[in-house]
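Let's take a walk through this model together.

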Amino acid sequence: MAIKKSELYSSIWASCDELRGNMESLEYKNYVLFLLFIKYISDKYADSDDFIPPIVIPKGASFKDMLDLRGKDDIGDKINKQIIQPLIENNASLSKSDFPDFNDPAKLGAGKDMVAKLTNLINIFNSPNLNFSKNRADHDDILGGAYEYLMQHFAKDSGKTKGEFYTPAEVSRILAKVIGISPQNSVAATTAYDPTCGSGSLLLKVAAEANKSITLEGQEKNHITAGLARMNMILHDFPTAHIMVGDTLSAPKFKNGENLKTYDYVVANPPFSDKAWSTGIIPANDAFSRFEWGEPPAKQGDYAYLLHIIRSMKSTGKAACILPHGVLFRGNAEATIRKKLVLSGFLKGIIGLPANLFYGTGIPACILVLDKDNAAARKGIFMIDASKGFIKDGNKNRLREQDIHKIVDTFAKMKNIEKYARMVSFEEISSPKNDFNLNIPRYIDATEKEDIQDIYAHLNGGIPLRDINDMHQYWDVLPNLKDLLFQPTDQADYLSAKVPPAEIKAIIQQNEAFRVLQASNMARYKEWENKALTTMERFDKDHNPKQFILELSETLLHAFKTAKPINAYEVYQHLMNYWNQSMQEDAYLIAADGWKAETYRVIEETKTGKDKGRQKDKGWTCDLIPKNLLISLYFATEQNEITRQQTELETVSAKIAEMVEENKGEEGTFAALESINKAEINKYLKTIKANPLYEEDEKLLQEYLLLEAQQSELKANIKTLDADLDAAAYQKYPTLTPTEIKTIVLQHKWLPTIAAAVQTEMERLSQQLTGRLKELIERYQTPLPQLNDELKALEDKVQQHLHKMGFV
């Protein structure tokens with residue numbers, strides 16, 4: 001069975017919990033990531049039949065051998081010497097600095113503490129659910145995703161100044177896409193370079209866009225982070241990637257003789273405004289002539305890295321670099337370099353990103369896209385202001401799938417979009433007004449139109465025609481709706497509402513043009529659904545989940561590109577949300593095992609208390625076809641009977657609770673009982689039997705016993721029915737054919753969920769229109785003179801009451 005992301009993530013985060021306390025996340029991440037690494041390479045390559053496996057696992061140095069070390073007094077020393085050292089000696093791509101010290105009592109505790117901690121850590125990764133042998137190198141990057149998951153969470157934990165080693169995956173994807181690499185224009189000899197590669201995520205995203213094994217090279221100043229990058233490359237099946245340690249500016253490692261090596265593609269996320277960039281070099285005498293356009297300020301190294309990137313590009317090379325917004329407008333030395341950058345024609349585009357995306361800083365950043373090919377013929381710089389497109393994610397902002405797609409689409413087409421993107425000519429940039437200042441707001445006004453309060457309307461009534469006309473995107477597709485809702489007044493440029501605010505929604509939904517529009521959009525969806533169904537039916541074992549969702553999502557986006565007033569990217573986002581939440585796990589299961597709906601036991605381990613470590617069987621489940629879905633399709637009658645009896649039980653329980661509540665006071669029937677149960681009630685009934693004074697009490701208690709007996713019977717019935725239904729459902733799964741499983745997943749799980757999400761988007765638009773119209777009507781419904789009259793009437797009424805009470 002394929003590994004589920006959720007299983008993997010929970011396991012590796014549990015290993016983090018095991019290590020918390022003695023060290024910071026920046027330190028314990030190394031232990032967790034090493035175990036992840038050794039488990040993966042052991043599963044993939046320890047018993048490999050490959051003539052030359054990508055990584056050699058020496059005899060005695062696999063994860064299985066590590067299991068034998070559990071509980072031993074010298075477990076830490078043995079991991080260092082019997083596992084890590086042989087791996088280093090047999091693999092030139094690995095070095096000792098890549099791995100943490102597993103015999104460090106300062107971090108892992110001494111004696112029994114170290115033994116227990118390392119043993120528990122190994123046990124977490126020994127779960128049968130974590131078997132990476134089925135991972136396919138060509139597309140199954142669940143392990144790589146887990147690595148990024150950890151890097152992201154460690155970056156969150158590591159604090160404001162220590163998050164440089166991780167570039168958010170969404171930003172990495174944009175860089176990889178806008179440089180233009182693709183399967184069509186790349187071969188094995190295609191080269192990609194990252195001068196400040198961190199954990200290697202940017203390089204891997206470039207490789208993913210190429211969709212083949214291209215040549216990857218990167219340099220990283222921190223040797224621990226460089227080790228993580230090397231492991232990351234192996235985990236993503238790029239064992240030949242070349243990662244070097246050292247300061248890129250003072251000691252570049254990738255050279256051709258005495259010159260910098262040049263590449264087809266360069267990507268980078270250098271440290272923002274590096275104050276120590278010039279340490280170890282004399283810029284004026286730079287051996288690689290990187291600073292011919294000018295020397296960057298001593299305390300701001302952004303342009304130093306950019307100039308290094310430009311020198312590292314081939315004559316037709318392309319690059320993308322993340323830098324703080326300040327590089328676009330800061331003066332003095334940077335202004336001189338920026339002018340020469342613009343005049344060179346190398347700067348193809350600038351993409352302004354939202355603030356607070358990165359873990360190391362909250363300041364807004366931008367992507368500079370460089371392209372030396374055809375630079376002399378370039379007429380301008382394409383700018384995108386994408387600062388408004390994001391979603392809040394905890395205390396950070398995050399780009400959504402639709403934000404990424406819109407940026408990439410717009411950049412690829414170089415399409416002018418009001419308040420979002422435009423091609424800015426060199427003439428405009430070099431004009432005296434702008435003087436090579438590239439600050440995006442100078443060229444793109446992305447500010448939202450202010451919702452102006454109309455003083456005249458507040459004083460005299462009427463709804464400003466200007467506000468109604470501003471909603472032209474609705475009136476364009478619903479031409480007669482405006483006349484149904486509004487009418488002219490005797491005041492020019494002001495309208496009055498024909499209907500009260502409460503009736504607007506119903507009028508919109510009953511409008512013929514609105515119904516036609518809804519039907520048209522649903523027809524678009526249905527047309528897509530028919531095509532998507534064919535794609536889904538073709539999907540099978542060993543197919544590529546990434547290609548699968550790419551085809552589905554791109555065709556959905558295309559289907560709604562011309563839809564009005566619906567936003568195609570919003571529709572696309574609904575599908576991608578569902579994919580990220582659960583559909584992709586279904587797809588990976590199918591890609592690994594085919595159309596099988598296998599059940600398995602849910603085993604939970606007690607984490608604390610005297611039963612710590614004890615396993616509990618919590619029943620069974622099935623991932624591809626959830627139990628409740630199967631029951632709804634095959635055992636609806638049985639489920640309805642359980643639901644009916646549960647409703648009856650709730651009614652009986654409510655009657656009992658009400659009876660007790662009404663009769664538990666000092667003089668109530670239940671006051672004489674020590675506790676309210678069958679034995680106590682029967683005992684009390686014997687004492688009051690045939691006593692006319694307690695006739696009402698006896699009647700009430702008998703009724704209580706009757707209800708209690710009914711309650712017990714219903715509980716017993718429901719328990720039996722539940723058990724029978726559970727057994728019947730469990731026995732049904734093995735009888736399902738692949739065709740039946742496919743039908744259930746497609747027709748009763750995936751497509752209904754996607755259809756509901758698209759329908760939600762359509763309804764959201766009508767709600768937006770209704771909300772805005774109600775807001776405008778209610779805002780000007782009561783003009784100031786009328787408010788004054790109403791206030792005077794209320795004041796007079798109060799005075800009358802005061803007069804009646806004698807207060808004059």
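**From sheet to cavity**

In β10, the residue facing G349 is F382. The two strands involved, β8 (residues 347-352) and β10 (residues 380-385), run parallel and share 4 bridges. Strands here are DSSP runs of E with at least two residues, helices are runs of H or I with at least four residues, and both are numbered from the N terminus; two strands pair if DSSP finds at least two bridges between them.

This is a predicted model, in which local features need pLDDT of at least 70 and side-chain atom pairs count only at pLDDT 80 or more, while totals for chains, interfaces and linings use all residues. Residues are numbered from 1 along each chain as its sequence is written, and side-chain values use heavy atoms, without hydrogens and water.

Now step back to the whole sheet. It is open, with 9 strands in the order β3-β2-β1-β6-β7-β9-β8-β10-β13 and mixed pairing. At its edges lie β3 (242-245) and β13 (421-425), each of which pairs on one side only.

The structure contains 5 cavities of 30 Å³ or more. A cavity is a set of points on a 1 Å grid over the protein atoms alone where a 1.4 Å probe fits but cannot get out, and lining residues have an atom within 4 Å of a point. Points are joined across faces, edges and corners, and the volume is the space filled by probe spheres set on them.

The largest cavity has a volume of about 120 Å³. Its lining includes Y474, F514, P565 and M762, and α20 (512-538) and α27 (738-779) each supply at least two lining residues.

Conventions. 1 Å grid on protein atoms, 1.4 Å probe; cavity = no way out; pocket = protein on both sides within 12 Å on 5 of 7 lines; lining within 4 Å.
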